[in-house]
Amino acid sequence: MAAERHVDHKVLKAFAETRVNVPAQEAAERRRQVNHLRERLERHIAAHPDFELVKLRASGSTAKFTAIQRRGGGSDADVAAYLRTADPDVDEASLLEWLRERCIQVYGDTKVADDFKISDHAVGITLRGSGLKIDVAPVLYAGEPDDKGYLVTRQGTRVLTSVTLHLRFIEKRKSSDAAGPGYTELIRLLKAWIRQSKLHDPDLRCKSFLLELLVAHLWETGWNGELLQVNDYPRAIEQVLAYIARTGLKRPIVFTDFYPAGDVASSSDPIQVWDPVNPDNNVAGTYTEQDRLRLVEHANTALEDVAWAAGAPTRGEANDAWRELFGPTFQGA
């Protein structure tokens with residue numbers, strides 16, 4: 001007779017609803033702050049016509065409904081600023097500095113310069129009062145359909161992207177006639193696991209987008225002949241962890257929603273998970289072999305905890321095992 005599973009789908013769903021998912025009030029505040037930024041940014045860019053602001057699009061985890069509750073670090077909301085220029089000699093490498101200046105002007109004297117940080121392809125704005133962080137990514141736009149444009153890195157490198165196609169990619173899978181709402185909540189639980197893992201190992205690398213694509217891949221292919229169990233969170237998490245641990249992330253992952261698989265170039269990158277809208281962009285292209293090994297090791301350790309929890313003799317022991325994944329805030333049944 002199989003042992004009782006003390007931490008089941010219902011327990012993890014309750015944990016997600018109380019400790020992982022973004023509360024409605026916080027989500028509304030994020031939208032309000034983003035709208036404030038968008039409205040004022042339009043005016044300030046118009047006053048500095050090196051670049052013409054074509055449109056602003058919500059992007060990232062908030063737009064995809066994969067955002068999780070804040071616990072310091074990381075962005076809470078993402079905005080893509082689609083810009084156009086008629087100047088062939090414009091210095092694209094300085095675009096992020098230019099956008100940072102525009103963002104500073106939006107907030108005037110209410111903030112200090114350190115609240116505006118440039119990352120590889122975005123300007124991060126920290127709002128001290130609420131603790132909210134907004135990432136504004138400039139996208140060079142030339143009128144292509146589906147909001148296709150080019151992110152510009154600090155070095156001036158262009159990376160093709162499309163906010164619209166990225167949203168379409170995830171909406172196709174989370175729709176009611178496909179995986180349903182369990183799809184995005186599973187992603188949020190996995191993001192909570194990675195966040196907790198990084199507390200123990202700050203050198204661990206695993207961006208949210210990589211997790212989203214691993215879930216998308218397993219939704220398409222399953223694992224060991226079994227479909228991804230998006231309506232059984234303990235089993236689905238076990239499947240994702242087993243995939244990472246057993247394959248070592250050595251198998252290239254390509255999606256054919258918007259381009260044929262043959263468009264992806266050969267690569268020697270340790271992890272190869274290709275952007276669904278850009279066959280030239282390996283989402284894990286900057287990860288080293290050591291990064292791969294570290295992520296696989298964390299997945300293997302978490303997999304052992306999940307396996308132990310499934311057959312744990314007591315509820316307390318099962319809860320303790322899941323706390324290894326999610327931290328001390330995890331409360332079982």
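User: Before we start, which residues count as charged here?

Analyst: Lys and Arg count as positive and Asp and Glu as negative, while His and the chain ends are not counted. Each charge is placed at NZ of Lys, CZ of Arg, CG of Asp or CD of Glu. With that, the mean positions of the 43 positive and 48 negative charges of the protein chain are 4 Å apart. Bear in mind that this is a predicted model, where local features need pLDDT of at least 70, side-chain atom pairs count only at pLDDT 80 or more, and totals for chains, interfaces and linings use all residues. Residues are numbered from 1 along each chain as its sequence is written, and side-chain values use heavy atoms, leaving out hydrogens and water.

User: Why is F65 called exposed?

Analyst: Exposed means over 50% relative accessible area, buried under 20%, and partly exposed in between (1.4 Å probe, protein chains only). F65 has 55% relative accessibility, so it counts as exposed. Its phi is near 65°, a positive value in a residue other than glycine.

User: And what makes D147 buried?

Analyst: Happy to compare with the cut-off: D147 has 7% relative accessibility, so it counts as buried. Phi of D147 is also positive, near 55°, again in a residue other than glycine. Across the protein chain, 51% of the 333 residues count as buried.

User: How do you know that 62% of those contacts join residues at least 24 apart?

Analyst: A contact means heavy atoms within 4.5 Å. Among such contacts in the protein chain between residues at least 6 apart in sequence, 62% join residues at least 24 apart.
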